[in-house]
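Me: I'm new to this one and would like to go through it slowly. Could you take my questions as they come?

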Amino acid sequence: MRLGIAVTSLVLALPKLMGGARQWAQVGRDLRFLQADFPFQIAGAILLLFQVLGSLGMITGGLFRISAVLLTTVYTLYFINFFTIGYKTLPLYAAALAFVCIGLMITGPGRFAVAVKIEKK
């Protein structure tokens, strides 16, 4: 489960993060509800960085709970965004992913984490 969520999130976020300032600004503009005092580029870059780092942590199992918190934050922001826009089903999808990440945070990485494999050797 953790690999599926992490790989999907990574495939969606990494090209946008590597796309540069224009892509970052677009992601930041999509989250208009934040009404932050910093530019859209910075907001978008931070969100994408959270998503990529959280995905990498979930894949490797290193800093797993912190990665789960990062992804929970990202999906909660998506939930709020979709809810304020007025979508009917997308907020439910984002909320479901946030709750899955909360569940993963509680259960931990399990025996298939890279860190567990390294410690055993």
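Me: Leaving aside its neighbours within four places in sequence, which residues is L47 in contact with?

Reply: This is a predicted model, and in it L47 is in contact with V27, L31, V74, L77 and Y78, once its neighbours within four places in sequence are set aside.

Me: And which residues of the largest nonpolar core touch the most other members?

Reply: L47 is one of them, together with M58, Y75 and Y78, in a core that has 24 residues. Helix 1, helix 3, helix 4 and helix 5 each supply at least two residues of this core, and helix 4 gives the most, with eight residues. As a general point, nonpolar side chains tend to be buried together in soluble globular proteins.

Me: Switching to pockets, how much space lies in the largest one?

Reply: About 400 Å³ of space lies in the largest pocket. Its lining is made up of 20 residues, and those that lie nearest the centre of the pocket are L12, K16, Q51, Y78 and F82.

Me: How do the residues of that lining divide into nonpolar, polar and charged?

Reply: In the lining of the largest pocket, 13 residues are nonpolar, five are polar and two are charged.

Me: Which helix gives the largest share of the lining?

Reply: That is helix 1, with five residues of the lining, although helix 1 (2–18), helix 2 (21–30), helix 3, helix 4 (64–85) and helix 5 (90–107) each supply at least two.

Me: Now S55, where is it found, and is it buried or exposed?

Reply: S55 is found in helix 3, which covers residues 40–60, and S55 counts as buried because its relative accessibility is 0%, where the cut-off for buried is under 20%.

Me: What lies 3.4 Å from a polar atom of the side chain of S55?

Reply: It is the backbone oxygen of A6. Beyond its neighbours within four places in sequence, S55 is in contact with A6 and also with S9, L10 and L71.

Me: Last topic, R65: why does it count as partly exposed?

Reply: R65, whose place is in helix 4, counts as partly exposed because its relative accessibility is 42%, and that class runs between the 20% and 50% cut-offs.

Me: Which residues is R65 in contact with, and how far apart are R65 and D37 in space?

Reply: Leaving aside neighbours within four places in sequence, R65 is in contact with M105, I106, T107 and G108. R65 and D37 are 30 Å apart in space, C-alpha to C-alpha, and 28 residues apart in sequence.

Definitions and conventions:
Residues numbered from 1 in each chain as written. Predicted model: local features only at pLDDT ≥ 70, side-chain atom pairs only at ≥ 80, totals over all residues. Heavy atoms only, no water. Helix = DSSP H or I, 4+ residues; strand = E, 2+ residues; numbered from the N terminus. Buried < 20%, exposed > 50% of the residue type's maximum accessible area, 1.4 Å probe, protein only. Polar contact = N/O pair within 3.5 Å; in protein donor to acceptor, adjacent residues only side chain to side chain. Contact = heavy atoms within 4.5 Å. 1 Å grid on protein atoms, 1.4 Å probe; cavity = no way out; pocket = protein on both sides within 12 Å on 5 of 7 lines; lining within 4 Å. Points joined across faces, edges and corners; volume = space filled by probe spheres on them. Nonpolar A, V, L, I, M, F, W, Y, C, P; charged D, E, K, R; others polar. Core = buried A, V, L, I, M, F, W, Y, C linked by side-chain atoms within 4.5 Å.
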